[in-house]
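Thank you all for coming; I would like to walk you through one protein model this morning, going slowly enough that everyone can follow along. Please have a look at the picture first, and then we will begin with a question.

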Amino acid sequence: HSMHSLSKRISTFSQVPIKRSRVCSTVTSHKIVPKALPLPSYLVNTYTWAYLTPSSLLLDNAVVPNAILWGNMDKLVQSSVAEFKEGDRVLQAANAYGHLGPTLAAKLGSKGFLDLIDIAEIQVQHATEKLSQFPQVRVRQADAAHPGDEIYDAALCFFLLHEVPDDYKVSIVNALMDRVKPGGKVVFIDYHLPVIYHPLRPLMMMVFKFLEPYAVGLIRKEILDFVSENNKPIFKWEKETFFGGLYQKVIATKSE
């Protein structure tokens, strides 16, 4: 009954003529800003210090990423970039500190396209400024597990999988595989279980336990283990390790 009377009042009100004043004509419409993506709890709880505050961005320099990777940053960047050619359309699954972005953008050239996504708005803003000299780069906010509907020649996942829970690893790996064209490839660069006699193995296992809690789920498995049954038969897998097995490059190439 109350709903009926309410609709009746609304109907009556709609018939009342509205006087338009000159003041109303000066009101401008507000621009609709896209709603920011919510940050996953694992990211906030584990990596706020590294990625989500203005002071985090101080880590993006030539020294820190190379030190974290025991002097292997440039080798891993060059090994990544070597997998792509000029003119390629490439999806990069997250922003990376260091010189990966500029190096990759330069390799793709003016006829190429680098679509760099990150779930954190502060990283999107930072990468946008950092890569502003490259018109072939688009930086946007997106979840690597839901990167959009575009198709690319290739995709790059650079030191991301060790930072996400295992169920998220599954989502990201398969989402990237779905986004490359037949004959295209997904390149994964990340941590790997070092050889048993590696001098840094005891230290790195402590790092994985206390600072990188989701890395153990990566190094105890193969990246192939996170691939869905639908994707496994249509990709060819290659794997290379570096620095006594502490790092890996895995290339998944989709059949034509």
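Is Phe 243 buried, partly exposed or exposed? Before I answer, please note that this is a predicted model, in which local features need pLDDT of at least 70 and side-chain atom pairs count only at pLDDT 80 or more, while totals for chains, interfaces and linings use all residues. Residues are numbered from 1 along each chain as its sequence is written, and side-chain values use heavy atoms, with hydrogens and water left out.

Now to the answer: Phe 243 has a relative accessible area of 32%, and therefore it is partly exposed, given that buried means under 20% relative accessible area, exposed means over 50%, and partly exposed is in between, with a 1.4 Å probe and protein chains only. Phe 243 sits in the loop between β6 and β7, where helices (H or I, at least four residues) and strands (E, at least two) are DSSP runs, numbered from the N terminus. If we leave aside neighbours within four places in sequence, Phe 243 is in contact with Trp 70, Asn 72, His 198 and Leu 200, and contact here means heavy atoms within 4.5 Å. Phe 243 also belongs to one aromatic cluster, together with Phe 158, Phe 159, Tyr 191, Phe 208 and Tyr 247.

Let me step back to the whole chain. The protein has 9 helices and 7 strands, and of its 256 residues, 47% count as buried. Among contacts between residues at least 6 apart in sequence, 70% join residues at least 24 apart.

Next, the sheet. The 7 strands form an open sheet with mixed pairing, in the order β3-β2-β1-β4-β5-β7-β6, and two strands are said to pair if DSSP finds at least two bridges between them. The edge strands, each pairing on one side only, are β3 (137-141) and β6. From one strand to the next, the twist averages 15°, where axes are lines fitted to C-alpha atoms, for helices over the stretch in contact, and angles run from 0 to 180 degrees between N-to-C directions. Strand β1 (residues 89-92) runs parallel to β4 and is joined to it by 3 bridges, and Leu 91 stands opposite Ala 155 in β4.

What lies across this sheet? Helix α4 (residues 73-81) lies across β4, β5, β6 and β7, and runs at about 160° to β4. The buried residues in α4 are Met 73, Leu 76, Val 77, Ser 79, Ser 80 and Val 81, and what covers them includes α3 (64-68), α5 (100-108), β4, β5, β6 and β7. In helix α6 (residues 121-130), the buried residues are Ile 122, Gln 123, Val 124, His 126 and Ala 127, and the buried residues of α6 pack against α2, β2 and β3.

That brings us to the interior. In soluble globular proteins, nonpolar side chains tend to be buried together. A nonpolar core is a set of buried Ala, Val, Leu, Ile, Met, Phe, Trp, Tyr and Cys residues joined through side-chain atoms within 4.5 Å. The largest such core has 39 residues, and those touching the most other members are Cys 157, Leu 160, Leu 161, Ile 172, Val 173, Leu 176 and Phe 188. At least two residues of this core come from each of α2, β2 (113-118), β4 (152-158), α7 (166-178), β5 and β7 (247-254), and α2 gives the most, with 6 residues. A second, separate core of 35 residues includes Leu 76, Val 90, Ala 154 and Ile 219.

Finally, the aromatic rings. A search of the whole structure finds 11 aromatic pairs, where rings of Phe, Tyr and Trp (its six-membered ring) pair if their centres lie within 6.5 Å, and planes under 30 degrees apart count as stacked, over 60 as edge-to-face and the rest as tilted. One of them, Tyr 42 with Tyr 214, is edge-to-face, at 5.9 Å centre to centre and 85° between the planes. This pair links distant parts of the chain, 172 residues apart, with Tyr 42 in helix α2 (residues 41-52) and Tyr 214 in the loop between α8 (201-210) and α9 (216-219). Tyr 42 counts as buried because its relative accessibility is 12%, whereas Tyr 214, at 22%, counts as partly exposed.
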